[in-house]
Amino acid sequence: MTPGRPDALLFDFDGVLVDTETSLWEAWCVELRGLGIVADLAAYRKLSFLDPPSPLAARVAAAVAAAGGAPGFAPEAAAARISARNLERAGLLEARPGVRELLADARRMGIATAVVSSSSRAWVLAHLRRLDVAGQFDLVLCREDVARRKPAPDGYRDALRRLRLTANRCLAIEDSPHGVRAARAAGLRCLAVPGPLTAGLDFSLADEVRTGLDGVVLTSLLADRPQRPDGDLR
């Protein structure tokens with residue numbers, strides 16, 4: 001066993017493998033603009049990445065209420081339009097830089113790979129297949145597979161159980177504070193790679209923060225990095 005080499009890489013999907021976070025924000029802005037409201041990025045970041053997780057309809061309803069409301073506003077219809085726009089925009093996105101190379105290196109070195117996402121299985125698999133990387137993952141776990149979504153650790157714990165691996169030899173890769181908390185609560189090391197919407201948020205629980213996955217050396221990911229105390233949410 002190489003000291004710095006992880007036994008598995010556990011990837012979040014949205015924002016880590018593909019920057020769908022930005023496409024969702026853009027779709028959100030279009031919807032609020034149609035209601036005569038200027039989207040507030042700081043408020044959006046709080047609703048999406050810091051507050052307890054809630055459905056898209058509830059988040060857009062909170063944003064509209066904070067702006068004083070809008071005539072004829074219907075949260076479910078607004079959320080459906082945002083999702084449709086996001087589907088169209090995200091369908092044009094490539095994998096984030098460094099993702100393909102990291103997956104190829106992991107496969108060559110016999111390192112297990114998994115996706116652990118709070119998004120739907122249909123959403124995640126459609127993008128993995130579109131990008132022709134679905135076959136690069138040993139396991140894909142989505143929100144239908146767990147009782148509690150991130151920041152709860154359920155998805156990561158189940159992934160470790162299915163892969164038959166121990167947490168301290170595996171690495172999660174996340175782009176949001178919720179995701180980092182979930183990984184740490186499962187006892188995993190965590191590499192944070194914030195995207196445009198999450199850069200600048202609190203990633204103090206992560207073992208390392210990088211601007212992206214370009215140039216990541218798999219054999220050094222766990223080297224000389226003592227295990228941090230976890231933040232178990234039990």
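**Figure 1. Helix α8 is largely enclosed by the rest of the structure, because eight of its nine residues are buried.** In this predicted model, local features need a pLDDT of at least 70 and side-chain atom pairs count only at pLDDT 80 or more, while totals for chains, interfaces and linings use all residues. Residues are numbered from 1 along each chain as its sequence is written, and side-chain values use heavy atoms, with hydrogens and water left out. Helix α8 covers residues 177-185; helices (H or I, at least four residues) and strands (E, at least two) are DSSP runs, numbered from the N terminus. Buried means under 20% relative accessible area, exposed means over 50%, and partly exposed lies in between (1.4 Å probe, protein chains only). The buried residues of α8 are Pro177, His178, Gly179, Val180, Ala182, Ala183, Arg184 and Ala185. Contact here means heavy atoms within 4.5 Å. After α8 comes Gly187, which has a positive phi near 85°.

**Figure 2. Helix α1 (residues 20-34) crosses helix α4 (residues 75-90) at roughly 135°.** Two packed helices are described by the angle between their axes and the distance between the axes. The axes of α1 and α4 come within 8 Å. Axes are lines fitted to C-alpha atoms, for helices over the stretch in contact, and angles run from 0 to 180 degrees between N-to-C directions. The two helices α1 and α4 are therefore oblique to each other. Angles under 35 degrees count as roughly parallel, over 145 as roughly antiparallel, 65 to 115 as roughly perpendicular, and the rest as oblique. The crossing of α1 past α4 is right-handed; a crossing is right-handed if the near helix is turned clockwise from the far one by less than a right angle, and left-handed if anticlockwise. On the α1 side the contact is made by Thr20, Ser23, Leu24, Glu26, Ala27, Trp28, Val30 and Glu31. On the α4 side it is made by Ala78, Arg81, Ile82, Arg85, Asn86, Arg89 and Ala90. Sorted by class, the contact of α1 with α4 has seven nonpolar, three polar and five charged residues. Ala, Val, Leu, Ile, Met, Phe, Trp, Tyr, Cys and Pro count as nonpolar, Asp, Glu, Lys and Arg as charged, and the others, Gly among them, as polar.

**Figure 3. Helix α1 also packs against helix α3 (residues 56-66), at an angle of about 50°.** The axes of α1 and α3 are 12 Å apart. This pair, α1 and α3, is therefore oblique, and its crossing is right-handed. Leu24, Trp28 and Leu32 of α1 meet Leu56, Arg59, Val60, Ala63 and Val64 of α3. The contact of α1 with α3 has seven nonpolar residues, no polar ones and one charged.

**Figure 4. Trp28 is one of the residues that touch the most other members of the largest nonpolar core.** A nonpolar core is a set of buried Ala, Val, Leu, Ile, Met, Phe, Trp, Tyr and Cys residues joined through side-chain atoms within 4.5 Å. The largest core has 44 residues, and Leu10, Tyr156 and Leu188 join Trp28 in touching the most other members. Helix α1 gives the most to this core, with six residues. Not counting residues up to four places away in sequence, Trp28 touches Ala39, Tyr44, Leu47, Leu56, Arg59, Val60, Ala63 and Ile82.

**Figure 5. Val133 and Asp132 both lie in the loop between α6 and β3.** Val133 has 7% relative accessibility and so counts as buried. Asp132, at 65% relative accessibility, therefore counts as exposed. Leaving aside neighbours within four places in sequence, Val133 is in contact with Arg100, Leu103 and Leu128. Val133 and Ala104 are 29 residues apart in sequence, and their C-alpha atoms are 9.8 Å apart. Asp132 is not a glycine, yet its phi is positive, near 60°.

**Figure 6. A cis peptide bond joins Lys150 and Pro151.** Omega of this bond is about 20°. Pro151 belongs to the loop between β3 and α7.
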